[in-house]
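The following paragraphs lead through a single protein chain, from its overall make-up to selected details. Please keep the sequence and the model in view while reading.

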Amino acid sequence: MTRDIILQTAMRHYATYGIRGVSMNEIANHLHISKKTLYCNFRNKEELILESVRTETAKIRKGLERHVANASCALEALLRFKQEVYQRNLCICPAFHRDLPGFPHAYGTFTEFKNQLRQRVRELLEQAIGEGMLIREQNYDLIAHVYAEDTENSAGPYELILTLLRGSCTPQGKEWIHRFQSTHPSI
């Protein structure tokens, strides 16, 4: 049994039932392994949660950079990535995020990830300003904050970010978003 399979299974269970709603015993039983095997891979639940959070946040970071690399402009990267995160979060129960602060190392890792995400989004917003898509006179720190915080709100509307971006657009940016939405109706 590889650590990756254990991590995937644990994260799937945490996302479905919350962290406190899943015991180490349940994970072991689901994988048809002994608790001893589970504890040989992870010293305790905190370590399993920490590694699960590290694995998931690494996937999210890679997803953002994939969208940045494949996008025609910064707005496209931000919108496509936000849609991906929104779809992914529809599968995460709110209890996961409520339970996370009870596990300080994992919570710290997740908080650090959100801070890094906020910084990266701020850089992309600056890039969009340079591309002539966004006006300069706007509180982009606030938009980056909302963007990063919304990663944990599965009920949070994707439309909020779209509205904030639209309200900050130059005429060129508004036209681009209109064309983009007409060719990508799911976004």
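Read along the sequence, the chain follows the pattern α-α-α-α-α-α-α-α-α-α. It contains 10 helices and zero strands, where helices (H or I, at least four residues) and strands (E, at least two) are DSSP runs numbered from the N terminus. The model is predicted: local features need pLDDT of at least 70 and side-chain atom pairs count only at pLDDT 80 or more, while totals for chains, interfaces and linings use all residues. Residues are numbered from 1 along each chain as its sequence is written, and side-chain values use heavy atoms, with hydrogens and water left out.

The C-alpha trace of the chain spans about 60 × 30 × 25 Å along its principal axes. Of the 187 residues, 49% are buried; buried means under 20% relative accessible area, exposed over 50%, and partly exposed in between, with a 1.4 Å probe and protein chains only. Among contacts (heavy atoms within 4.5 Å) with a separation of 6 or more, 72% join residues 24 or more positions apart.

Helix α4 covers residues 45–70 and includes R61. With a relative accessibility of 34%, R61 counts as partly exposed. Leaving aside residues up to four places away in sequence, R61 touches F113 and Q116. The C-alpha atoms of R61 and Q83 are separated by 14 Å, at 22 residues apart along the chain.

Next comes a pair of helices. The axes of α7 (residues 104–130) and α8 (residues 140–149) come within 8 Å and cross at roughly 135 degrees. Axes here are lines fitted to C-alpha atoms, for helices over the stretch in contact, and angles run from 0 to 180 degrees between N-to-C directions. The angle makes α7 oblique to α8, since angles under 35 degrees count as roughly parallel, over 145 as roughly antiparallel, 65 to 115 as roughly perpendicular and the rest as oblique. Residues in this contact include L117, V121 and L125 of α7, together with I143, A144 and Y147 of α8.

Helix α10 (residues 171–183) has 13 residues and reaches 19 Å from its first C-alpha to its last, close to the 18 Å expected at 1.5 Å a residue; the expected span is 1.5 Å times one less than the number of residues. Which residues of α10 are buried? They are G173, W176, I177 and F180. These cover an arc of only 100 degrees around the axis, which puts them on the same side of α10; the arc is that of the directions from the helix axis to the C-beta atoms. An α-helix has 3.6 residues a turn, so residues three or four places apart point the same way. The face of α10 turned away from its buried side carries the exposed residues P171, H178 and S182.
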